[in-house]
Amino acid sequence: MQQHQARPTSTFATFATFTAYGSPLLLTLLILMASCTEAETPPPPFQPIGGIKLTMAVVLEPAAEKIWDSAGFIVTASEAQSLAPTTDEGWEEVRHGAAVVAETGNLLLMPGRRIPGDDWMEIAAGQTQAGKRARAAAEARDSDALYEVGGEIYNVCVSCHQLY
């Protein structure tokens, strides 16, 4: 009479069986996979077309102006006129401007633009975060939040200009 070995029925027994037979197999597979990887690829060849001043003048400033021109009020002796967009297209322009503000923070971290030091990193991150909040305010059509974040964007700009 031939006896059959019972299969493990407990979690511990299953783990013990895997450990005894699966670990060497898994280790072998990992070693083979590691040896088949390609050599590290070089970073992409970024080609900035201008310095930081050009980036600020043609990318960041027009986008920030779109936000600032769409937030707050013009108050005269006879009335207070809201600057908030009144059309879908107007809110979409603000949303696009906010996305550009956020992405410009990332552009400042590219090779060739990045200035060494924690201050530069903090300012770039602050710009990206403020741009993201401006975009959220535009998507929500929240003119009060847009006004607040417009102030944050201004403060990030001023802190950069004071240092650089």
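In these legends Ala, Val, Leu, Ile, Met, Phe, Trp, Tyr, Cys and Pro count as nonpolar, Asp, Glu, Lys and Arg count as charged, and the others, with Gly among them, count as polar. The model is predicted, so that local features need pLDDT of at least 70 and side-chain atom pairs count only at pLDDT 80 or more, whereas totals for chains, interfaces and linings use all residues. Residues are numbered from 1 along each chain as its sequence is written, and side-chain values use heavy atoms, with hydrogens and water left out.

View 1. Helices (H or I, at least four residues) and strands (E, at least two) are DSSP runs that are numbered from the N terminus. Read along the sequence, these elements follow the pattern α-α-β-β-α-α-α. Of the 164 residues in the chain, 26% are buried, where buried means under 20% relative accessible area, exposed means over 50%, and partly exposed lies in between (1.4 Å probe, protein chains only). Among the contacts with a separation of 6 or more, 62% are between residues 24 or more positions apart, a contact being heavy atoms within 4.5 Å.

**View 2. The packing of helix H2 against helix H5.** Helix H2 (residues 52–68) and helix H5 (residues 143–163) pack at an angle of about 145°, and their axes are 9 Å apart; the axes are lines fitted to C-alpha atoms, for helices over the stretch in contact, and angles run from 0 to 180 degrees between N-to-C directions. The crossing of H2 and H5 is left-handed, a term used if the near helix is turned anticlockwise from the far one by less than a right angle, with right-handed used if clockwise. From H2, the residues Ala64, Ile67 and Trp68 meet Leu146, Gly150, Ile153, Tyr154 and Cys157 of H5. The residues of this contact of H2 with H5 comprise 7 nonpolar, 1 polar and no charged.

**View 3. The largest pocket, with a volume of about 350 Å³.** Rolling a probe the size of a water molecule over the atoms shows where empty space is left. On a 1 Å grid over the protein atoms alone, a pocket is an open set of points with protein on both sides within 12 Å along at least five of seven lines, whereas a cavity is a set of points where a 1.4 Å probe fits but cannot get out, and lining residues have an atom within 4 Å of a point. Grid points are joined across faces, edges and corners, and a volume is the space filled by probe spheres set on the points. There are 17 residues that line the largest pocket, and the closest to its centre are Met56, Leu60, Cys157, Cys160 and His161. H2, helix H4 (118–140) and H5 each supply at least two residues of the lining, and H2 gives the most to it, with 7 residues. The lining of the largest pocket divides into 13 nonpolar, 2 polar and 2 charged residues.

View 4. Leaving aside its neighbours within four places in sequence, Thr55 is in contact with Gly50, Leu60, Thr104, Leu107 and Arg113. Val149 and Arg135 are 14 residues apart in sequence, and their C-alpha atoms are 9.6 Å apart in space.

**View 5. Glu139 and Arg141, two partly exposed residues.** Glu139 is found in helix H4, and its relative accessibility of 48% is why Glu139 counts as partly exposed. The C-alpha atoms of Glu139 and Glu92 are separated by 8.0 Å, although these residues are 47 residues apart along the chain. Arg141 is placed in the loop between H4 and H5, and Arg141 has a positive phi of about 55° although it is not a glycine. Arg141 counts as partly exposed because its relative accessibility is 42%.

**View 6. Pro45 in the loop between helix H1 (11–35) and H2.** Pro45 is exposed because its relative accessible area is 68%. Between the C-alpha atoms of Pro45 and Pro111, which are 66 residues apart along the chain, the separation is 9.5 Å.
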